[in-house]
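Open the model in your viewer and keep the selection panel at hand. The tour has two stops.

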Amino acid sequence: EKSDLLCIASTGGGFSKRTLYENDDETLLELKRCVGLTGINVVVTRADLIDRSIIIELDRIPEDERKEEREVWETFEKDRASIVGGALQALADAMAIYPNVKLDKLPRMADFTRWGYAIAEVLDYGGERFLQAYRKNRNQSNEEAISSHPVAAAVVALMKENNSWSGSVASLLSELERVAEQEKINTKVKTFPKAAHILSRRLKEVKSNLEDVGITFDIRHAGDSK
């Protein structure tokens with residue numbers, strides 16, 4: 001639910017809540033905000049939220065480079081005018097070339113990608129360099145998401161042994177449990193399914209993550225089982 005709400009916030013949307021102190025009335029809430037999350041580990045694991053995220057890994061600041069908050073803000077205030085002016089100038093220059101930016105392929109964040117390309121061009125970084133960096137960031141984020149999702153990690157481990165695999169979802173669950181034990185993947189967590197019908201749901205959750213690493217699957221009815 002939190003991932004869904006963050007997806008709505010990043011690209012804009014709304015959701016409804018029951019109006020306070022009312023039985024029948026609904027209140028519609030609309031939001032669109034740039035949200036920053038911080039954590040020791042990667043907190044974004046859902047594929048749709050990964051596609052809307054930029055993951056930045058920060059290093060610990062050495063003791064001899066640390067500054068008091070007062071010093072940080074004083075330095076920022078001195079540079080504030082040039083920072084804001086530079087940002088607005090870059091945006092104005094990018095707006096001029098944006099209509100002419102045509103890309104062969106667009107990811108889920110299509111408008112962001114076009115704007116990023118245009119801004120990188122006017123800042124002399126180069127649009128192609130931006131696309132490569134953005135693609136690399138999404139791939140790294142996807143690898144983190146797979147490693148943190150026990151079902152996805154188990155599927156990747158299974159397919160290292162096989163070019164293809166077919167069978168019932170129940171037999172797949174047994175195979176994934178076997179592989180998880182070999183790979184020391186924790187099956188005690190809530191996200192690891194205890195039954196076949198739950199496995200089907202978990203697989204759908206990570207379908208696009210797996211596709212990004214070259215693994216595709218199809219679940220269909222076949223007699224008494226899927």
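Select helix 7 with helix 6 (150–161) and helix 8 (196–205): the buried residues of helix 7 pack against both of these helices. Contact here means heavy atoms within 4.5 Å. Helices are DSSP runs (H or I, at least four residues), numbered from the N terminus. This is a predicted model, where local features need pLDDT of at least 70, side-chain atom pairs count only at pLDDT 80 or more, and totals for chains, interfaces and linings use all residues. Residues are numbered from 1 along each chain as its sequence is written, and side-chain values use heavy atoms, with hydrogens and water left out.

Now show side chains on helix 7. Val-169, Leu-172, Leu-173, Leu-176, Val-179 and Ala-180 are buried, meaning under 20% relative accessible area (1.4 Å probe, protein chains only). They lie on the same side of helix 7 because they cover an arc of only 130 degrees around the axis, taken from the directions from the helix axis to the C-beta atoms.

Step past the end of helix 7 to Lys-184: its phi is positive, near 60 degrees.

Next, the largest pocket. Select Leu-37, Ser-53, Ile-54, Ile-55 and Ile-56, which lie nearest its centre among 33 lining residues. A pocket is an open set of points on a 1 Å grid over the protein atoms alone, where a 1.4 Å probe fits, with protein on both sides within 12 Å along at least five of seven lines; lining residues have an atom within 4 Å of a point.

How values were computed:
Buried means under 20% relative accessible area, exposed over 50%, partly exposed in between (1.4 Å probe, protein chains only). Helices (H or I, at least four residues) and strands (E, at least two) are DSSP runs, numbered from the N terminus.
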